[in-house]
Each structure stands twice: as structure tokens, then as C-alpha cells.
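Biologist: I have the model open next to the sequence. Can we walk through it, starting with the overall picture?

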Amino acid sequence: MKQTPIKVAVTGAAGQICYSLLFRIASGAVLGDAPIELRLLEIPQAMKALEGVVMELDDCAFPNLKSVVIGDDPEKVFEGANIAMLVGAFPRKAGMERGDLLSANGRIFTAQGKALNNVAADDIRVLVTGNPANTNAMIAMNNAPDIPNERFGALTRLDLDRSKAQVGKKLGVTTRHIERLTIWGNHSSTMYPDLFHATVDGKPVLPEINDNEWVEKTFIPKVAKRGAEIIDATGLSSRASAANATASCMHDWELGTVGGDWTSMGVVSDGSYGVPEGLISSFPVRHKDGNWEIVQGLEINEFSRARIDASVKELEDERDAVKELGLI
Ligand code: NAD
Ligand code: LMR
């Protein structure tokens, strides 16, 4: 039976993250069995390297990969896209914070937001991985007035996965057992991994951990600084784990979260949990039918409130900085 392929646009396609991500998408791990057309964007200097990546995609003979289109013009590459994964942006180097990338990377997202607005399909969904992810997503969203704001997301799934991994190690269980963990705020060192609602095998996780000092002094800083720890160790920012998180986030957005669990993604705030409207902040979200919904009604204690507020304040500062740069 002939089916129209899902058009998946990916930027930064010759970069480190995409060297893992593209193969996951093409294999069906992200969107299931649907036929896929990959539409890959790069800058002109990287086109030759991208051609090599396409040769390798061909050589995998993925059963559902219908075609691959490459180019350096977003208005052409985003034509008819149903999904866009915006990975292409410069990574930070040792000693930098992710926010230091704003002026270098922010402009990429004005141009790409406009191009998506002009040529993407009506059902487009846009996930931003390139840093600083939340504010870049906000820039793209503000430059795409015809695309509903709810169609933009920023990747905080890597922080969620890192958090689950640390809790799993502490308790000696695999991450399958851990649910309802939440990442709040910015994908930066201020991001807050909240364990107060998290469960292990359905039971509250904090009494099982029973070590508040570990939570405050080890767990939270470990997750916050994990990106920098990887840069120190490898000289490069996280690649395979970032690709895995991007793939998992898009998978859940498209195909839904299951059972009573929720995930985390940077989404536009409607004022929930006191986060100012219009910021793209990480929240606990559930996905169904290609949409998301913020999990409501969680009690936020003083410990969590202070940390959420600090990260949201950073998002407000980033929003003000990009306003000043004329990007929104
Ligand atoms: P990389 O330098 O290996 O690859 C980036 C690619 O983007 C390069 O090939 C570059 O040519 C391309 N590019 C630059 N400008 C572009 C444009 N205007 N259009 C299309 N492509 C463009 O970097 P990487 O390791 O793949 O990381 C990519 C981004 O993802 C970085 O900003 C990094 O900080 C970020 N990141 C985010 C997370 C997260 O959790 N949100 C995790 C890891 C990395
Ligand atoms: C990460 O969290 O690994 C990425 O955002 C890369 C970085 O700069 O830390």
C-alpha cells in the first residue's frame, strides 16, 4: 500500500548529534512504521560532509526511508515539513554557559522560524535542541506567527533522562521503575529536577532514597552540571545522549506518553505554576494525539518554588536579551 511519507526536517544534519539522530529517525525508532522523507539542512561549508552522511543513510537500506532531500536554504528544505527538529547551532566550549550562545545562535532561529512559517505543512511540530534551546524555541515561535505557539517545544528530555539515571543508580533499579520525575525551567545549570512527585514502582521516591543531603548536594548539582562534565571529559558537548533525548522527546510527542507517567519538555507557558505567559519553560507534560498538556495540580513546596523561580528568572533575562538584539 502506498502511503504519503512524513516529511521530517532536521537542521545541523552534518553535525555530531545528527550523526546519531538521523539514523534513529530513519530506522523507525521515532515515528514507528510510517514512511519517512528526511529533509536535511546545513550551511554551505558542510554540504560535502552531509553528502557523506546521506551515503551512509542509503547504505543502511532502511525499509521505511522513502527519500532524502538536502540543502542550505531553509525555505526549500522546510517545504511541506510535518516535523522539524532544529539541532543546528553552535555548541558551547569549556568554561561557557549555554546562555553565552544567545547572540551567536539566536539569529539562526529567526530565519528558520520565518521559513517554517512560510513553507511548512499545516500540522508542523517543531522541537528545538540547539542551545540555548528554550530561548531559541521562543525566537522561532515569535518569528512564525501563523504556526500555533503550542507547536514549538524545547528539549529538556536530556535533563530528565540524566535525572532518572542518577536516581536509578542510587536505588539500584533500572529507569523503567521510575516515573513522574519533572524538569522545571530552563535547559541550563539553573534547571530544577523535582523528585517530590516522583515514584519508584508506584511509591514516592524520596522516602526510598531517604537521603536529603544526597538530593540537594549531589543529585541536583550533578544533573545541572552534567553537560559541562561531558565537555570536560570529551572536549565535545553531549552527542549520542542528546540524540537519544531528541528522538525520545519527538517519539512521545507524536505517539503519546503511556500510563500514569509524564515527561518534561520546554513548552510555551500559559501562566501555569506562576511561570509568565509566553516563556518557553520546562513543565511536566503528557502527550496525546500529537498534542501536549501541562500536568496540573502538583503541589509546589518552598524548596521547589525557589528553584523554579530562579530558573524562570533566567528565562526572563534571556527573553529581554533577545528582545534587545531585535530577534523577537
Ligand atoms: P555540531 O557543531 O557538531 O553540529 C552543529 C551543526 O549545525 C554543524 O554541522 C553546523 O554546520 C550546523 N549549522 C550551523 N548553523 C546552521 C544553520 N544556520 N542551519 C543549519 N545548520 C547549521 O554540534 P552538535 O554537537 O550537533 O550540537 C548542536 C547543538 O545542540 C548545539 O547548540 C548544542 O549546544 C546543542 N545541544 C543541546 C542539547 C539539549 O539537551 N538541548 C544537548 C546537547 C547539545
Ligand atoms: C548538554 O546538556 O549536554 C548540552 O546542552 C550541551 C551543553 O552545552 O551542555
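This is a predicted model: local features need pLDDT of at least 70, side-chain atom pairs count only at pLDDT 80 or more; totals for chains, interfaces and linings use all residues.

Biologist: How many helices and strands does the chain have?

Modeller: There are 11 helices and 14 strands. The radius of gyration is 19 Å, close to the 20 Å from the globule rule for 328 residues, so the chain is as compact as a globular protein of that length.

Biologist: And what does the C-alpha trace span along its principal axes?

Modeller: About 50 × 45 × 40 Å. As for contacts between residues at least 6 apart in sequence, 73% of them join residues at least 24 apart.

Biologist: Switching to the ligands. Which residues come nearest to ligand 1?

Modeller: Gly12, Gly15, Gln16, Gly88 and Ala242, out of 29 residues around that ligand.

Biologist: How does the shell around ligand 1 divide into nonpolar, polar and charged?

Modeller: It has 15 nonpolar, 11 polar and 3 charged residues. Domain 1 (6-154) and domain 2 (157-319) each supply at least three residues to the shell around ligand 1.

Biologist: OK, ligand 2. Which residues are around it?

Modeller: Pro91, Arg92, Arg98, Asn131, Leu158, Gly227, Ile230, Ser237, Ser238 and Ala242. By class, that shell has 4 nonpolar, 4 polar and 2 charged residues.

Biologist: Where does ligand 2 lie relative to the domains?

Modeller: Ligand 2 lies between domain 1 (6-154) and domain 2 (157-319), because both give residues to its shell.

Biologist: What does UniProt have for residues 6-153?

Modeller: An unreviewed entry annotates them as "domain: Lactate/malate dehydrogenase N-terminal". In the model, residues 6-153 are 39% helix and 20% strand, with the end C-alpha atoms 19 Å apart.

Biologist: One more thing, arginine 286. Which strand is it in?

Modeller: Strand E13, residues 280-288.

Biologist: And why is arginine 286 classed as partly exposed?

Modeller: Because arginine 286 has 17 other C-beta atoms within 10 Å; a residue counts as buried at 20 or more and as exposed at 12 or fewer.

Biologist: What is arginine 286 in contact with, leaving aside neighbours within four places in sequence?

Modeller: Thr257, Trp262, Trp292, Glu293 and Val295. By contrast, leucine 40 is 246 residues from arginine 286 along the chain, and their C-alpha atoms are 29 Å apart.

Methods
Residues are numbered from 1 along each chain as its sequence is written. Chains are lettered from A and ligands numbered from 1 in the order in which they are written. A residue is near a molecule or strand if its C-beta atom, placed from the backbone, lies within 6 Å of it. Ala, Val, Leu, Ile, Met, Phe, Trp, Tyr, Cys and Pro count as nonpolar, Asp, Glu, Lys and Arg as charged, and the others, Gly among them, as polar. Domain bounds come from an automatic or database domain assignment. Helices (H or I, at least four residues) and strands (E, at least two) are DSSP runs, numbered from the N terminus. The radius of gyration is taken over C-alpha atoms; the globule rule is 2.2 Å times the number of residues to the power 0.38. Two residues are in contact if their C-beta atoms, placed from the backbone, lie within 7 Å. UniProt positions are given in the numbering used here, feature names are shortened, and annotations may be inferred rather than shown by experiment.
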